[in-house]
Structures are given as C-alpha cells and as structure tokens.
Amino acid sequence: MKAVQVVTLDGPESIELREVEAPQPGPGEIQLDVAYSGVTFPELLQTRGLYQLKHEPPFTLGAEASGIVTAVGEGVEGFAPGDRIATISNKGGYAETMIAPANATVKLPDSVSLKAAAGMPMNLLTADFALRVRGRLEAGQTVLVHGAAGGLGTALVQIAVAMGATVVGVVSTEEKAETVRALGAQHAVLSDGFKDAVKELFPDGVDLVADPVGNPQDGDRFTDSLRCLATFGTALVLGFTAGAIPQVKVNRLLLNNVGVAGVGWGAAFAKDRDLVRRQWEAMWEHLEAGRLDPVIHAVYPLEQASKAIGELETRSVRGKVLLEVKAEG
Ligand SMILES: NC(=O)c1ccc[n+]([C@@H]2O[C@H](COP(=O)([O-])OP(=O)(O)OC[C@H]3O[C@@H](n4cnc5c(N)ncnc54)[C@H](OP(=O)(O)O)[C@@H]3O)[C@@H](O)[C@H]2O)c1
C-alpha cells in the first residue's frame with residue numbers, strides 16, 4: 001500500500017510517498033481503508049522531530065483519519081467490517097490502510113460525510129474537553145477563542161455556540177473574521193488591540209478564554225487575555241502556535257480572582273481510555289444536527305502531503321486541511 005513517511009527529520013519537504021506492507025490489527029485494534037486524513041499541527045512538528053511524542057524514522061505520518069473498517073483485532077467489540085468511522089492515533093493516517101486503537105475510534109452518524117469526519121477527531125475532542133470538561137462551560141456564558149479561524153479554533157467556536165455560549169473570536173485578518181462569524185460566533189475582533197475591543201464588548205469580562213496560540217516572540221498576548229477575564233473566569237491553555245510559551249505572574253490571578261487551566265487532551269486520554277466514547281456521546285446530538293461541521297480549507301491528494309502540511313506554516317489556513325486517500329462512494 002501507499003504511505004507517506006518521515007524518513008529524515010528535515011521538515012515537510014523531505015517526507016516521502018513509499019510502497020510499504022499493509023499493517024494488520026493486533027488485539028484492541030481496528031484496520032481501516034482510509035478515505036481522508038486530517039492534517040494537524042503536530043505533523044508539521046513531527047517532520048522536524050520537534051513534537052513531544054517521538055517516533056523513530058521511518059514512520060507513517062497522520063494522527064487522524066476517516067474510512068471504512070476492513071478488519072478488527074482480538075477483543076474488539078462494537079465495530080465490524082463496513083462500519084463508517086473516524087479515528088485518532090499518534091501515527092499511520094497518511095496511508096491507504098491504517099491501524100487504529102478501538103478505544104480512540106468512533107462510528108459516524110449518517111449525516112456526517114467521511115470528508116467532514118476526517119477533520120473532526122483531534123479538534124472536536126480537544127475543543128469539547130477544553131470547554132465542557134476543563135472549562136465547565138454553561139449555556140449563557142461568554143467565551144473568547146484565539147486563533148478562531150484555525151482548525152482547533154473553528155472547532156472551539158462551533159462547540160461553544162452549540163453549548164449556548166456567546167462567542168468572540170480573535171483573528172489576524174478580516175477574511176478570517178468572516179469565517180468565524182459564519183460559524184455562529186456573535187463577534188470577531190482582530191488580534192492587534194483585541195483586549196480593548198473585548199473590553200468594549202464585555203466590560204465585565206468573559207467567562208472563558210480558549211488559547212491555542214500563546215505569545216509571539218515579541219509580545220505578551222496572554223497577559224492581555226487574563227485582563228479580559230471576568231471575576232472567577234478561566235484562561236484555558238491549549239497550544240503555542242505563535243511560538244512562545246507565556247509566563248504568568250500569579251499575583252495577577254490572586255488580585256482578580258481568575259484562573260489558568262492546562263488542557264492536554266492526549267494526556268487525559270492516556271489515563272482514561274473511556275474518554276473518547278463519553279465525549280462522542282456528549283457531542284452526538286450536535287453531530288447529528290450538523291452543528292459541528294468542520295470548515296474545510298483545502299483537500300490535497302495523498303501525493304501532495306508535503307504541500308498540505310506546509311500550508312499550516314503560512315498562517316493562511318481557515319479551518320482544516322485534508323488529504324484525500326480514497327473518496328467516498
Ligand atoms: N492541548 C491539546 O490537547 C491540543 C490538541 C490538539 C492541538 N493542539 C495545539 O493547538 C494548536 C493549534 O492547532 P491548529 O490545528 O488549530 O492549528 P492552525 O489551524 O494552524 O491554527 C493556528 C492559529 O494560530 C494562529 N497563529 C498565530 N501566530 C501564528 C504563527 N506564527 N504561525 C501560525 N499560526 C499562528 C493563526 O491564527 P491568526 O492568524 O488568526 O492569528 C492560526 O489560525 C497547535 O499548537 C496544536 O499543537 C493542542
């Protein structure tokens with residue numbers, strides 16, 4: 001089968017489309033014919049050996065995919081050949097055949113296409129975990145989302161809107177602001193001067209800040225986020241696409257009765273193997289109703305995986321980039 005592999009750690013340009021043997025499912029695993037793979041930020045880091053989770057090259061890239069079950073390993077219950085599924089794994093998705101852990105695999109409602117499904121696992125599971133589990137979001141609360149037109153950002157906006165929150169997205173361009181409003185966010189503001197714009201909209205502050213962006217090398221965006229929080233509000237730390245990890249002066253938390261909470265979906269799943277099932281159950285009604293439909297920025301053939309990953313570095317992506325492996329129907 002064809003698979004896109006990291007052979008040397010020299011960035012997205014150095015990945016290779018290779019002919020390799022199709023993997024077989026072991027106990028607790030599912031084999032699938034991949035329809036689409038989602039392109040995620042960690043893959044960009046993995047091509048340079050910079051991601052926290054390291055694999056020895058050569059290895060097949062790809063953290064998430066959708067497709068059709070072809071075989072199940074020993075002890076797998078609830079899945080059978082022919083099922084339409086989406087899955088998240090730490091490698092293997094950029095390939096014609098993938099092996100996925102059954103406990104990180106979900107069945108799709110009929111209303112969700114395989115194309116949409118490939119953009120779901122990482123972003124929706126992380127966004128749901130951030131807002132519902134770590135942020136304890138309730139209907140009627142206010143949420144500020146950084147990088148709101150990005151892959152994770154659009155999922156955060158959709159989940160927050162579906163849960164009945166009022167949402168303000170922070171983005172770098174007017175074009176991205178349009179994308180965020182089209183998802184149902186009531187407000188979209190530009191990242192330059194976002195604090196003043198948010199204070200004008202919500203003088204008492206917002207209940208939650210969801211931040212996958214962090215700080216630029218030359219600025220302190222995170223402290224401005226803390227300044228946007230209402231009393232008892234929480235800033236959720238999700239990632240650092242802008243390049244620098246913020247430092248927090250904790251006296252600021254004390255003085256304003258606000259908090260900071262880390263959101264590490266992978267670490268939570270490693271300790272709680274039933275997490276995905278419960279999360280999918282919580283999201284099911286929104287999935288069926290079409291409220292969690294990923295924005296698809298571009299779809300590339302598997303052969304152009306390098307170009308697809310490279311897109312994430314341009315900062316121009318709105319929503320999700322996918323690889324088409326074997327289209328539906
Ligand atoms: N905590 C978790 O469990 C978890 C799970 C999954 C992913 N993540 C992390 O979440 C982050 C976001 O992932 P994603 O897939 O949403 O990425 P993405 O689609 O590329 O979006 C990231 C956003 O960051 C903003 N940004 C600001 N400065 C940037 C820069 N210098 N370069 C690129 N983007 C920049 C951009 O928005 P503007 O242009 O509008 O500023 C962009 O839309 C990644 O760091 C990823 O590793 C965390």
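Domain bounds here come from an automatic or database domain assignment. In this predicted model, the protein chain is divided into two domains. Domain 1 covers residues 2-120 + 294-324. Domain 2 covers residues 123-266. The centres of domain 1 and domain 2, taken over C-alpha atoms, are separated by 28 Å.

The two domains touch. On the side of domain 1, 12 residues are in contact with domain 2. On the side of domain 2, 15 residues take part. The size of an interface is often given as the accessible area lost when the parts come together. Domain 1 and domain 2 bury about 1100 Å² between them. Carbon and sulfur atoms account for 55% of this area. In domain 1, the residues that lose the most area to domain 2 are M120, R315 and R318. Together they make up 45% of what that side buries.

A helix pair was also examined. Helix 3 spans residues 121-134, and helix 4 spans residues 151-162. Their axes come within 8 Å and cross at roughly 55°. Angles of 65 to 115 degrees count as roughly perpendicular and those under 35 degrees as roughly parallel. Helix 3 and helix 4 are therefore oblique to each other. The crossing of helix 3 past helix 4 is right-handed.

Residues from both helices build the contact. Helix 3 contributes N123, L124, T126, A127, D128, A130 and L131. These meet G151, L152, A155, L156, I159 and A160 in helix 4. By class, the contact of helix 3 with helix 4 holds nine nonpolar residues, three polar residues and one charged residue.

How values were computed: Residues numbered from 1 in each chain as written. Predicted model: local features only at pLDDT ≥ 70, side-chain atom pairs only at ≥ 80, totals over all residues. Heavy atoms only, no water. Axes fitted to C-alpha atoms, helices over the stretch in contact; angles between N-to-C directions. Helix = DSSP H or I, 4+ residues; strand = E, 2+ residues; numbered from the N terminus. Parallel < 35°, antiparallel > 145°, perpendicular 65-115°, else oblique. Left-handed = near helix turned anticlockwise from the far one by under 90°. Contact = heavy atoms within 4.5 Å. Nonpolar A, V, L, I, M, F, W, Y, C, P; charged D, E, K, R; others polar. Buried area = accessible area lost by both parts, 1.4 Å probe.
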